[in-house]
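Subject: Structure for you to look at

Hello,

Please find the structure below, followed by notes on what was found in it.

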Amino acid sequence: MIDKERLIWIYKTMLRIRKFEERALSLFESDKLRGSVHLYIGEEAIAATVCSLLRDTDYITSTHRGHGHCIAKGGDLKKAMAELMGKETGFCKGRGGSMHIVDMSKGNLGANAIVGGGIPIAVGGALAASIKKTDQVTVSFFGDGASNQGTFHEGINLAAIWKLPIIFVCENNEFGISVPVKQSTSVKDISVRSKSYDIPGHTVNGNDVFEINKVMEEAIARAKKGEGPTLIECKTYRWFGHWIGDPQLYRTKDEVEAWKEKCPIKTLKKYFLDEKELSKNELDEIEKVIDKEADDAVEFAINSPEPDPSTVMENVFTDIVNF
Amino acid sequence: MITEIIMPKQGLQMTEGAITKWLKNVGDDVKNGEAIIEIETDKAALEIEAQGDGKLLKKIHDEGETVAVSKVIGLIGADTDDISKYDTEPISESKPDTKNAVIENTLKSSMPQNSNGRIFITPRAKKLAIDNKINFSNITGTGPNGLIIEKNITPSLLNKESFLAFKGIRKTIAERMIESQNTYAQAYHKISINMNSIINLRESLKKSNINISYNDIFIKICSKALLENPILNSTLENDRIILKHYANIGFAVAVDNGLFVPVVHNAETLSLEEISNKSKNLIKKARNGSLGIADFSSGTFTISNLGMYDLDEFTAIINPPQSAILAIGAIKKQVVAINDEVCIRPIATLCLTYDHRIIDGAPAAAFLKRVKELSEMKTGGAL
Amino acid sequence: MSIKTYSQAIKDVIAEEMRKDDAVFIMGEDIAEAGGIFTCTKGLLKEFGSERVRNTPISEAGFVGAGVGAASCGLRPIVELMYMDFAYLAMDQILNQAAKIRYMFGGNVKIPMVIRGQQGIGRGNAGQHSQSVESLFMHIPGVKVVMPSSPSEAAGLLRTAIRDDNPVMFFEHKALYATKGEVPDDPEYSIPFGKANIIREGKDATVICSHLYVQKALNEAEKLAKKNIDIEIIDPRTLIPFDKTTIIKSVKKTGRAIIVHEAHKIAGWGAEIAATIMEEAFEYLDAPVLRLGAKHCTLPFNLGLENAVVPQQEDISKAVKKTLYIS
């Protein structure tokens, strides 16, 4: 059950992710931004819906495709864009870039550029909550590719034996770079793997806010009751290549266009209008505000200072370590 | 227009000079008459002035090098001047750690080298040798393939030998001493002097705030005695003995790695106080290396006083082209017979070295006797 | 002072730190009821319960990663690896995650975690259970590398490790667990990282070594002393951070350096120290810096073969004499 306020928050959050990434793409194409930039566009419903159920004190771990998770968990667009541009004002002072955004103040334990690398860390977050006996829950976002890593299996097994308050959210976007899931993965539905660990598993339409919300609400309740983890597979699709510049020889334009028709933002907008929850004017106003927010983020990032190379050795450790 | 900076000849005996310091860098503006380089000759350290305006274009010889007189040391001119005809070996502009480099180069140049031009020595042994100025060229290494290792150097620390540069003043002294020893027929007379009168004179002057040294007094005494015995104040030149009827009296001043003999000119015309002022000034200049050519030229007689070292007596070698030198020992209380009575008196022993080719024993003795009389202020003793 | 074994000293410090700080907990394979196969956690389960003394499945990537996550979220995990050889299974979590998180995240996170376990020869454990792997962890910035060589060193260094806000790889040696020594009773006794221990002062050559080779070097020092050769023995204690100052000072004095470790010689930490000495004390050297390390060969099972791979005690004297050009 999603109340109107939360549904609008989900809508705004999806839009915020979309607008942010559209600008990141344009900055990359105009050579103002470098590095690996993996776009989340098309998959926004998952991060937005999942995080609509989380508090700042709840934890997430994210992936190399992490802008959406960061923004949905409450991350500031300005700091995020500044980080993408490698600026001192970014979340990681320009040390991490797109693939390593962290925001501890919002419970974002960090994006991770190693596929499956964040899963055991999420388990550790849940373990900390368990040992400290708080009611925090942890969500580990990862992709279909990560479900073939040992860390996926080791992490779920640990969480299952220790009954940790964690939800494993698998964003199945059909490809690990160029390799389709059916070539890389032994099961059709990744949620089936939950059976090996005797925990609940669900496969849902990852572009459907309501479907995602339903299983997430159950999973969070279960986690908080100390019954352990849940595996949720959200089937979705990334509109763009694996990275900006991916020639995408592994799929057809038609396939991509068909998925664009299933755009979660368009779908929810239609819902608001159909159900008369929001007027066109109101929706336009929302979009206008978010456009401005995204533009401000770009302006902030562009005008932010570069990190000082003399500080490059800072934070290797908490203290100064000599060799 | 290019102006050459030449190693100047400073005095008849100068054949070469060492560059101690360039006062300008290549590219610096230089004015006619401006000091541009410091050199050390066999006699003294001095500054050379630029003889033209322009920029310092090139240093043909660098600090530490010894250059023959009249050779070109450097060039002054305009940037547009063609100096290619002066191209010799390039001189490095930067000289980091010149002290060690100089030592190392000195060591290297005197080292026997293998066919590859290398001496095999461990870094530690080499550092130890250089730090202690030990010449490792003649040390046999006991490491693999004759490698010189630390323990091959350590015995040299016990029997440590170091070296000093043998050039400039030191070299000149050596040459002149050998010249003196080989040419002059050096003979010696000794005389003891009761210093009571001189001591009393000094004491009384001191009460009037006039500080004079024993040396000053002997300069005064000798100037008088020399004019009375001019053969002691003479020079042998070819077929003539030149007798000098003025007393330019040099006195030896010890400095690091050598000695200077500045001269009090026409001491016979000067009062004791004037002699004292002149000698104080000359000693100061000798110690800070600022003696000019005039300060040590044309001496006619030399006094060497080592009384402060508590020597009973000593002999000196004649300072060419002079013909005699007086060596003054320490004042010591001695038992003497005066009027058949045993007395204690402050006694100093003077030793005269004279050139027996032109001075016979009697005139030398007469001179010394006169010095004694004047010192003891017995007859006509007024100074 | 109390006489304790190396393993008792470790267990006592873990217990003391767990008493003082609720954030400290320990997990690993067979550490609870079994008390660890080397008894380093014996009795902890009884005192602290299964929440804080946690058996893990044989799942190194999983539980090391869980340690990283727990450390990110405010706990101070001690993660025991039964054999340091097993760290390879968790290499990504150690070197890509724990080591880099703080830096990549712009200093916004700290990882106060100790990964401890034993390594080395001595029990005929063959190729996958006898390695000395500390050098691997020096190469990637972000983890501290600690090598305690006696019971008191283990106690003092482990306390510092547990209280450190960074990932620490704490390398124990299986052949040291039974060794006994005096350990201060002071519950605050700690040894700072980056401060080498001058085990023996000497003037003729500097022997830099850790773990088993500290005692071996001391034994050889006695023999060498009878021949008027006076060696200095330095235990660096921690390889990251590294006390360059003490080593360089010593080598400047003695002019000769020998580094001895059980880790493989090729690209082992001795190479790093040798290069550092060359860079910073070249003109003080009277002989090439020598390294003694395991041959480039998998650790064999057979005892005679194992001994043929790792440096032997007598090799230390041979190397010292070689640097002194004494045959």
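Two residues are in contact if their C-beta atoms, placed from the backbone, lie within 7 Å. Helices (H or I, at least four residues) and strands (E, at least two) are DSSP runs, numbered from the N terminus.

This is a predicted model, in which local features need pLDDT of at least 70 and side-chain atom pairs count only at pLDDT 80 or more, while totals for chains, interfaces and linings use all residues. Residues are numbered from 1 along each chain as its sequence is written, and chains are lettered from A and ligands numbered from 1 in the order in which they are written.

Chain A

Chain A holds 11 helices and seven strands. Its C-alpha trace spans about 65 × 50 × 40 Å along the principal axes.

Of the 323 residues of chain A, 53% count as buried. A residue is buried if 20 or more other C-beta atoms, placed from the backbone, lie within 10 Å of its own. Among contacts in chain A between residues at least 6 apart in sequence, 76% join residues at least 24 apart.

Five strands of chain A form an open sheet in the order 1-2-3-7-6, with parallel pairing. Two strands pair if DSSP finds at least two bridges between them. Strand 1 (59-61) and strand 6 (201-205) of chain A are at the edges with a single partner strand each, so one side of each has no neighbour in the sheet. Strand 3 (residues 166-172) and strand 7 (residues 230-235) of chain A run parallel and are joined by six bridges. In this pair, A:Asn172 stands opposite A:Lys235.

Helix 5 (residues 118-132) of chain A lies across strand 1, strand 2 (138-143) and strand 3 of chain A, at about 175° to strand 2. Such angles run from 0 to 180 degrees between N-to-C directions, with axes as lines fitted to C-alpha atoms, for helices over the stretch in contact.

Chains B and C

Nine residues of chain B are in contact with eight residues of chain C. On the chain B side, helix 2 (residues 123-131) gives the most, with four residues.

Regards

Methods:
Buried ≥ 20, exposed ≤ 12 C-beta atoms within 10 Å, placed from the backbone.
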